[in-house]
Amino acid sequence: MATEPCSICQARASVMVYDDTSKKWVPLKPGQQGFSRINIYHNTASNTFRVVGVKLQDQQVVINYSIVKGLKYNQATPTFHQWRDARQVYGLNFASKEEATTFSNAMLFALNVMNSQEGGEQVALGSGAHSGSCSALLCSASPGLRVPRSATPWS
C-alpha cells in the first residue's frame, strides 16, 4: 500500500527568484505576484521532502522543489528566506515573522533528516521546532493537507 505525501508545514509567502541580469528579486513566474500557500511535503515511503507552492488567487502551482541533501538554507531577514541550486536562487517573502519561523523550523527538520541519511552532516533544529502549524512533524497531524494533483511532485 502506497503512502501519500503529507504536509509537515504550511505558510503564506510570495515566491521569488533572483534575476542576475537586473540584480533584483522577481516573481518565480512572470505575472504571478502575490501570496501563495507554501507547504513542505514529506513522502514517508521514500523519506523525501518537497516545497510546493500554490497561488492563493488561482490555485496554480508556482513552485515544486525537491529538498536535497546539503541544500543551503539562509534566513536573510526574519521574513525573507532563500536557498540556491545550480541554476538559480529562490526566495520566500513571508506574510509574517511567525509564518517564516514555522516554515524555517520545518525546512530545518527536513534538512536534518536528509543530511543525517547515510552519515551526512547534522543540522540543528531551531527553537520551537514543534510549534505553530508544524506542531507535530508527523503526517497524522495534518491529514487534510494533500499534495495538489497538478504538482505531481513524486514521479
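The model is predicted: local features need pLDDT of at least 70, side-chain atom pairs count only at pLDDT 80 or more, and totals for chains, interfaces and linings use all residues. Residues are numbered from 1 along each chain as its sequence is written, and side-chain values use heavy atoms, without hydrogens and water.

**Salt bridge**
- The count is one salt bridge (a side-chain nitrogen of Lys or Arg within 4 Å of a carboxyl oxygen of Asp or Glu).
- Glu99 pairs with Arg12; their closest N and O atoms are 2.7 Å apart.
- Glu99 lies in helix α1 (residues 97-116) and Arg12 in strand β1 (residues 6-19), so the bridge ties together parts 87 residues apart in sequence.
- Helices (H or I, at least four residues) and strands (E, at least two) are DSSP runs, numbered from the N terminus.
- Glu99 is buried, at 15% relative accessible area, while Arg12 is partly exposed, at 38%.
- Buried means under 20%, exposed over 50%, partly exposed in between (1.4 Å probe, protein chains only).

**Helix α1**
- Of its 20 residues, 16 are buried.

**Aromatic contacts**
- There are nine aromatic pairs.
- Rings of Phe, Tyr and Trp (its six-membered ring) pair with centres within 6.5 Å; planes under 30 degrees apart are stacked, over 60 edge-to-face, the rest tilted.
- Phe49 and Phe109 have ring centres 6.2 Å apart and planes at 90 degrees, so they are edge-to-face.
- Phe49 is buried at 0% relative accessibility, and Phe109 is buried at 18%.
- Tyr65, Tyr73, Trp83, Tyr90, Phe94 and Phe103 form one cluster.
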